[in-house]
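Hi everyone, thanks for coming along. Let me put the model up on the screen, and then we can walk through it together.

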Amino acid sequence: MGRGAVSLRGVSKSFGTVAAVRDVSLEVAPGEFLTLLGPSGCGKTTLLRMIAGLESPESGRILLSERDVTDDPPHRRPVNTVFQHYALFPHRTVAGNVAFGLEMAGRARADIVPRVERALEMVRLSGMGSRRVDQLSGGQRQRVALARAVVLEPEVLLLDEPMSALDRKLREEMRAEVKSLHRRLGTTFVFVTHDQEEALALSDRVVVMNDGLIEQMGSPPEIYDVPRTRFVAEFLAVRNILPGDVQSADGGAAVVRTENGLMLRSRAAGFVAGERVWVGVRPERMGFDGAGENRVAGVLEDRLFLGDRSEWHVRAGADLLTVSEPGTSTGRQAGDAVTVTFEAAALLRLVEPALRPPRP
Amino acid sequence: MSPRHRQAVLLLAPAALLLVVLVGGSQALMLAASLGRRSAYGGVTHDWGLQNYLRALEPLYVRVLARSVGLAAATTIACLVVGYPVAYWLARRAPPTMRRALLVLVILPFWTSFLVRMYAWMFLLRTEGLVNLALGAIGLPALSLLYNPTAVLLGQVYGELPFIILPLYASLEKLDPELLDAAADLGAAPGQVLRRVVLPLTWPGIVAGSILVFIPSLGAYLAPDLLGGARYVYVGSLIQSQFAVARDIPFGAALSFALSAGVLLALWLLRRPLRAGAGESA
């Protein structure tokens, strides 16, 4: 028990005057697939590099499998990393790359060869061992990087935006591959990405980071359905985010008056009468002239055709709403007057994160 | 002639002309001289034969050649040992904003003639030189620092160091830092990262720098002459003295050719390890 657990306790790191990670605490369970999600510069990669030992925290402790490794150099930590640009050794063959860690561990040649073969098989690169790495495609390089990291049977596998350099189709393939690798190995995966779709598709748990802090964490459906802060909502494609005041809040029903005068009903918990909040609605939870307690009159401005659906921009007084309409054909055109409708249950309560430690 | 060919010819013609006339022409003259015989007044008689080359193989001269190879090898190794850490620091550790200025400092000695710089070393090393003055000031006995092989090596290393730092810097700067992270992450201790990743990947720079230092050191004559005194003869000074002192142009020319041929032969024999050193396979 405990093998593969990662425990971060009050970890901080800054570069010069820029605080990259600010007092972050996080527990990763053995065998969990945990994703650190956030925009570039949010501290997710720095956090990952601190787990690997490639950066050292200024304060806080890092535990791997219940052992304090804060002061251990990277080569003594039972973790391996798949790097963003793969970092394959250009002077070694595919097999030479996969064998590198085993050689460093002083394994016998007779032990190395079959392990390398098995690792290459696992990533569907059997028979490619003697290729030079510059003869490989992006996806193949990615797989070599995976094989090179998993051949050492790390207690935790760290993946630093491993798919960001691939094109869309390959990225979707690799997504399935990483997911199946996690299932087969049962190793703890800590995965870093700025791609919300990737995070939701792969993870047991998602940690959304912003500005060096954890903004929210939870299972993918939790994060998707109930984003708690304005930042998380924006990052997870909640589009219609408006500031407003809570007019009344009574058990499971609240009325919010937005800054531009819309009166909207919500069933979200936590509203307090009189407070200033943000409210948000996903475009796909809105419709035209349908059912729903919330009705907003507006005029269609323009349409973005997205294949299986269209996105309409609707002018409603001073606000511009984004409404998603499923299907390829539409009877509407720009200039039409419409009524945007949505359920009270679709209106999210969003806050600016409170209790942020002051910036140093 | 296609436009591409015409362009190539136009671009290369000036250099080719210069090389053919000046290098090729003078080499042809020297080759002819090396096969001739010295006349009574220091000229060349056209009395063809290999006698000068046979003379160059006499033990006396082979010893001189061996000493020169030893000096060139020692210079190269010392330059690598001293220059590699400097280049590493410049390329990977020095503040990026200062790098350009620091590189200028590396080549700053070129602004002064090599001869003048060798005289400067004489001022430092001679019996009443600055080093001995300093030693005397703190009550230590004077040392005999000048006119010995160590002084020659010192002068040579000093003179050649920039030639090895620049190619090493170029190859170290290209090294992707993520590769070093990856090596450490895969369990390589710092020494192993150096041996298994950094050195193999900067091998081209090591080879280029070593050749740039080794070849001029082989024929060096200023540092041996000025810092080594007359006791130790190196092939560079030997050739120089054949032309300037002994007035034996044919023998000097033969020595020059033998030296060039030796260097070319050595490079050809070592071509595989020099090229493939980076390809640490599997």
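Let's begin in the middle. The largest nonpolar core has 112 residues, and the members that touch the most others are Ile51(A), Val98(A), Ala147(A), Leu158(A), Val190(A), Val279(A) and Ala183(B). By nonpolar core I mean a set of buried Ala, Val, Leu, Ile, Met, Phe, Trp, Tyr and Cys residues joined through C-beta atoms within 7 Å. Buried, in turn, means that 20 or more other C-beta atoms lie within 10 Å of the residue's own, with exposed at 12 or fewer, partly exposed in between, and C-beta atoms placed from the backbone. Domain 1 (6-227) and domain 2 (238-350) of chain A both contribute residues to this core, so it lies between them; those domain bounds come from an automatic or database domain assignment. There is also a second, separate core of 45 residues, including Ile165(B) and Val235(B).

A quick word on what you are looking at. This is a predicted model, where local features need pLDDT of at least 70 and side-chain atom pairs count only at pLDDT 80 or more, while totals for chains, interfaces and linings use all residues. Residues are numbered from 1 along each chain as its sequence is written, and chains are lettered from A and ligands numbered from 1 in the order in which they are written.

Leaving out residues up to four places away in sequence, Ala183(B) touches Ala188(B), Val193(B), Arg196(B) and Val197(B). A contact here means two C-beta atoms, placed from the backbone, within 7 Å. Let's follow Val197(B), which lies in helix H9 (residues 190-201) of chain B. Is Val197(B) buried or exposed? Val197(B) has 23 C-beta neighbours inside 10 Å, so it counts as buried. With residues up to four places away again set aside, Val197(B) touches Leu179(B), Leu180(B) and Ala183(B), and also Phe89(A) on the other chain.

That brings us to the interface. 22 residues of chain A are in contact with 20 residues of chain B. On the chain A side, strand E6 and helix H2 (94-104) each supply at least two residues, and H2(A) gives the most, with 6. Helices (H or I, at least four residues) and strands (E, at least two) are DSSP runs, numbered from the N terminus. By type, this side of chain A divides into 12 nonpolar, 8 polar and 2 charged residues.

How do the chains look one by one? Chain A comes to 8 helices and 20 strands, and 43% of its 360 residues count as buried. Its C-alpha atoms fill a box of roughly 75 × 45 × 40 Å along the principal axes. Chain B has 14 helices and 2 strands, with 32% of its 282 residues buried. The C-alpha trace of chain B spans about 75 × 70 × 35 Å along its principal axes.

On to the sheets of chain A. An open sheet of 6 strands runs in the order E6-E7-E8-E3-E9-E10, with mixed pairing; two strands pair if DSSP finds at least two bridges between them. Strand E6 (79-82) and strand E10 (213-218) stand at the edges with a single partner strand each, so one side of each is left without a neighbour in the sheet. Strand E9 (residues 205-210) joins E10(A) through 5 bridges in the antiparallel sense, and Met209(A) stands opposite Ile214(A) there.

Another open sheet has 4 strands in the order E2-E1-E4-E5 of chain A, with antiparallel pairing. Here strand E2 (18-28) and strand E5 (67-68) are at the edges, again each with a single partner strand, so one side of each has no neighbour in the sheet. Strand E1 (residues 6-15) is joined to E2(A) by 7 bridges, and Val6(A) stands opposite Val28(A) in E2(A).

One last pairing before I stop: strand E16 (residues 294-305) and E19(A) run antiparallel over 6 bridges, with Gly298(A) opposite Val338(A) in E19(A).

Notes
Nonpolar A, V, L, I, M, F, W, Y, C, P; charged D, E, K, R; others polar.
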